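This report describes selected local features of one structure. The sequence and the model are shown first, and the sections that follow should be read alongside them.

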Amino acid sequence: MSITPSTAKMTSALLIVDMQNVFTSMTTTCLPNILRLSTHFKTHSLPRIFTQHGHTQAELTPPFKNQLVRKWGPSGSIAKGSKDWELMPDIGPLATENENPIIHKNTYDAFINTNLAAVLEEKGTERVVVCGVMTDCCCDTTARSAFNWGFETWLVKDACGTASKKQHETGLNGFGYAFGEVLETGEVVKQLS
């Protein structure tokens, strides 16, 4: 797969995944690039959409019906309304300006049990540019799902973060092999200018 003049002109939306307080330690290197992408999309009047992962008290109470809560347990899951659940201080104001959509999700895939596909379609989106955390969990899963929904999908490698370099590279390699382009922030900005 490669970027051609016809695909470079597709209507793009930036999807900023789960930039929440619980993941702060994973965002040291990717946060400046996410902010750069957000500014670029805003300047060019392109949609910015945010996701926020969390579980209700009912989901955190046995019997656990949510697969992630079963896997990680209630203490390893993000409770809606908690400090960990809140968007990071650098991201929260971006999400609320101009009434940017915030997609609330409770699984890795931001398309499952949400209105994300409808929001993207309403905005005329042809390409989804994915960044945020975790590269190999929510970013990769959501980006693969975007591909399966029929969107051209880019995963921005220096605007994603996760728990380790190995996990980061594994997520990027798997996505790049079969689903879409893996680009750096500078390449995305150049292609969309």
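Predicted model: local features only at pLDDT ≥ 70, side-chain atom pairs only at ≥ 80, totals over all residues.

Thr 51 is buried, because its relative accessible area is 0%, under the 20% limit.

The side chain of Thr 51 makes a polar contact of 2.7 Å with the side chain of Asp 18. Leaving aside residues up to four places away in sequence, Thr 51 touches Leu 15, Ile 16, Val 17, Asp 18, Met 19, Gln 20, Leu 87, Ile 103, Lys 105 and Ala 110.

Asp 18, the partner of Thr 51 in the polar contact, is located in the loop that runs between strand 1 (12–17) and helix 2 (31–43). Its phi is near 50°, a positive value in a residue other than glycine. With a relative accessibility of 0%, Asp 18 counts as buried.

A positive phi, near 55°, is also found at Ser 45, again a residue other than glycine. Ser 45 belongs to the loop between helix 2 and strand 2. Ser 45 is exposed, because its relative accessible area is 68%, over the 50% limit.

## Cis peptide bonds

The peptide bond leading from Pro 62 to Pro 63 is cis, and its omega is near -5°. Pro 63 is placed in the loop between strand 2 and helix 3 (67–72).

A cis peptide bond also links Val 133 to Met 134, with omega near -15°. Met 134 sits in the loop between strand 4 (127–133) and helix 6 (135–148).

## Cysteines

How many disulfides does a search of the whole structure find? The search returns zero. For Cys 137, the closest cysteine sulfur is that of Cys 138, at 6.2 Å, which is too far for a bond because a disulfide requires the two sulfur atoms to lie within 2.5 Å. Cys 137 is buried, with a relative accessible area of 16%.

The sulfur of Cys 160 has its closest cysteine sulfur in Cys 139, at 4.1 Å, and this distance is likewise too far for a bond. Cys 160 counts as buried, at 4% relative accessibility.

Terms used
Residues numbered from 1 in each chain as written. Heavy atoms only, no water. Buried < 20%, exposed > 50% of the residue type's maximum accessible area, 1.4 Å probe, protein only. Polar contact = N/O pair within 3.5 Å; in protein donor to acceptor, adjacent residues only side chain to side chain. Contact = heavy atoms within 4.5 Å. Helix = DSSP H or I, 4+ residues; strand = E, 2+ residues; numbered from the N terminus.
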